2 protein chains.
Amino acid sequence: MAVTLKDIAAEAGVSLMTVSNVVNGKQARVSAATRDRILRIVKDRGYVPSASARSLAAKSSRLVGLLVPAEGETSLTIDPHTVEVVGMLERELRRLDYHLMLRGISHRTEITEALRSWHLDGAVLLGFQDAEIDRLKADTVGGVALVAMDSYSANPLALEVRSDDFGGAELAVRHLIGLGHRRIAFAGPGFSETGVVRERFEGYRKVLAENGIGFEPELVSRVEISHAEGAAHGRWLAAERPDVTAVFTTADLLAIGVVDGLAAAGRSVPGDVSVVGYDNADIAAYVTPKLTTVAQDLPGKAAEAVRLMMDRLAGKDRPEQATTLGVRLIERDTAGPPPQ
Amino acid sequence: MAVTLKDIAAEAGVSLMTVSNVVNGKQARVSAATRDRILRIVKDRGYVPSASARSLAAKSSRLVGLLVPAEGETSLTIDPHTVEVVGMLERELRRLDYHLMLRGISHRTEITEALRSWHLDGAVLLGFQDAEIDRLKADTVGGVALVAMDSYSANPLALEVRSDDFGGAELAVRHLIGLGHRRIAFAGPGFSETGVVRERFEGYRKVLAENGIGFEPELVSRVEISHAEGAAHGRWLAAERPDVTAVFTTADLLAIGVVDGLAAAGRSVPGDVSVVGYDNADIAAYVTPKLTTVAQDLPGKAAEAVRLMMDRLAGKDRPEQATTLGVRLIERDTAGPPPQ
DNA sequence: CTGAAAGCGCTTACAG
DNA sequence: CTGAAAGCGCTTACAG
């Protein structure tokens, strides 16, 4: 059997409580002499506190969940862009002596189950639709600190962290207009009333309006985020919309597909058509031509998520408003002036 | 407060034990009538068992750790190639009603701590050096089911799962030789007596020998896995070793860097130099020219890891030998005949 | 088929 | 500065 508090107490000739106080660093309550003696025994015997016992007895589990949507029987879709966030969250949490539980959510009720079953102190929601965040109820969520990444939900139960999606789209479209483009298409996955893609769409639309360019619904295409879908879309643009000279896309992978589809149809990038991506994934710099794209501050996003969570766990008040991180345009080789 | 077993028992007018039996599906021990009644109350009240209480009382935590090296204060390095494995592990484990704890290991002792503190039933070790797996001792690891991914350690405490790295190198180098190459370089991160890179190196060397090609130590370069290091190496090859007509690389990212470095130095791929990567990452198909590479069976690897772990948790004997998954060569556009 | 008792390894007030 | 008691929410034998 593993060594317990009791074993240490017996060996040190003190009570359980004293050992507990020492192990938990409540210095004021134990004399330096006994503390040192106990610490030595703890080390010698290789005592490791039982987190489940601690979690059961105390009100805190020091456990934070990372909840990610997982459709039905499929595995989690952790896109490269969020992996980095996962790694950073783990590191920050570890530094503060918390543990991270990774959990795929295939049904709505599982969020509550996950929170309750392990008495999670907090949870980070990654990649959920705003509607799902909206649905969270206080009676089911309890006092758990919730951080929703990339969410525009108005639910006061969650702290929102996202980057400036509206502004990112503005940067991209202004850049294209500055280059001389007037017929600019928008390509991204389906979106609803709120959310990341909706924001980028509204940013796109606003800049068009600002520049006196009429909005054409047929220039907005729903394209799921994959290289294949992007390529198909590129071919479609070449065949059906030769008047379009620029495309603003909501993801790098999509943009790369569009570039390849355009090229396959004989149209050059950026000679005939300019393409702007989103995220500044590593891959954006490795393809030919290198992708012009909007960069998010991923480390900042992760750090902010952890900071908000820790403040909340420490009992601080909920901040006034959601945290929004800055974006910037990375100019590379897929955006240039329109032809002739 | 959350609803407990006791609440359910009180409401149903039965003992704690009976509710426990029902919740845990020990059907034989309870009449159908009371079972249905209890189940209804459980559902109505939204009862969720306390995992920490269960873990403390039972011998099993139904918790599996995913342990990943994390150098010092840096965050986990989960390369794209292993992310997929993480997602698949989570899904399989979830299906079997286990939970996944993600934990970065920055110091050796943390492995033991992680196992003990949460009473993990099992752990998957991802990305550790063989030497670290070798060091695991029975007294510190206890009866925990351990699966080491991509490990060639001989430690009987861990179950090894990897793909055929030796064979993958053979495929790549045979392909190059078949194309007519004789001066073939090897580029990969530093390696020791055993391990993934060592296997690939030995595969490379064996095929050279089989074909009567003398082994030249100067053709083996230590290059860390990054695009920048790969590019620097490509430039170096162009400048210092113009006699080399082909490079076998241990990672796609590296290969892509080499291709770009070579191109920057005015050498064309595959016209002047052929390059073969490893892993068949998504990116391999998006770059220009598309990368010829060795594909691993990632889903197979993840499934096998979970299967081994579950067999072990179910008390089955340790398999005779490590599991090795097949690899295959993906021919694309970076390998062709040598010049003239 | 159902239950009363003991115990898992801790922490939390409360005393001294 | 130190300790005895109660309890966190379960499961595990053992009885009936």
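## Basis of the description

Residues are numbered from 1 along each chain as its sequence is written, while chains are lettered from A and ligands numbered from 1 in the order in which they are written. As the model is predicted, local features need pLDDT of at least 70 and side-chain atom pairs count only at pLDDT 80 or more, whereas totals for chains, interfaces and linings use all residues.

## The contact between the chains

In chain B, 38 residues are in contact with 38 residues of chain A, where contact requires that the C-beta atoms of two residues, placed from the backbone, lie within 7 Å. Helix H4 (51–57), helix H5 (80–95), strand E2 (99–105) and helix H6 (109–117) of chain B each supply at least two residues of the side that touches chain A; helices (H or I, at least four residues) and strands (E, at least two) are DSSP runs, numbered from the N terminus. H5(B) gives the most to that side, with seven residues. By class, the side of chain B that touches chain A has 20 nonpolar, 12 polar and six charged residues, with Ala, Val, Leu, Ile, Met, Phe, Trp, Tyr, Cys and Pro counted as nonpolar, Asp, Glu, Lys and Arg as charged, and the others, Gly among them, as polar.

Strand E2 (residues 99–105) of chain A and E2(B) run antiparallel and are joined by three bridges, pairing being assigned if DSSP finds at least two bridges between two strands. Leu100(A) stands opposite Leu102(B) in this pairing.

In chain A, the axes of helix H9 (residues 165–179) and helix H10 (residues 196–210) come within 7 Å and cross at roughly 40°; axes are lines fitted to C-alpha atoms, for helices over the stretch in contact, and angles run from 0 to 180 degrees between N-to-C directions. The crossing of H9(A) and H10(A) is right-handed, that is, the near helix is turned clockwise from the far one by less than a right angle. Among the residues that make the contact are Phe166(A), Val173(A) and Ile177(A) of H9(A) and Tyr204(A) and Val207(A) of H10(A), and the contact divides into eight nonpolar, three polar and seven charged residues.

In chain B, H9 (residues 165–178) and H10 (residues 196–210) have axes that come within 7 Å and cross at roughly 40°, and this crossing is right-handed.

## Nonpolar cores and buried elements

The largest nonpolar core has 92 residues, of which Val124, Leu125 and Val147 of chains A and B touch the most other members; such a core is a set of buried Ala, Val, Leu, Ile, Met, Phe, Trp, Tyr and Cys residues joined through C-beta atoms within 7 Å. Not counting residues up to four places away in sequence, Val147(A) touches several residues, including Val124(A), Leu125(A), Ala158(A) and Met309(A). A second, separate core of 90 residues includes Tyr286(A), Val244(B), Phe248(B) and Val327(B).

Strand E8 (residues 246–249) of chain B pairs with E9(B) in the parallel sense over three bridges, and Phe248(B) stands opposite Val276(B). Strand E9 (residues 274–279) of chain B is mostly covered, with six of its six residues buried; a residue is buried if 20 or more other C-beta atoms, placed from the backbone, lie within 10 Å of its own.

## Ile133(A)

Ile133(A) is found in helix H7 (residues 130–134) of chain A and counts as buried because it has 22 C-beta neighbours inside 10 Å. Leaving aside neighbours within four places in sequence, Ile133(A) is in contact with residues including Leu125(A), Phe128(A) and Ala158(A).

How values were computed:
A residue is buried if 20 or more other C-beta atoms lie within 10 Å of its own, exposed if 12 or fewer, and partly exposed in between; C-beta atoms are placed from the backbone.
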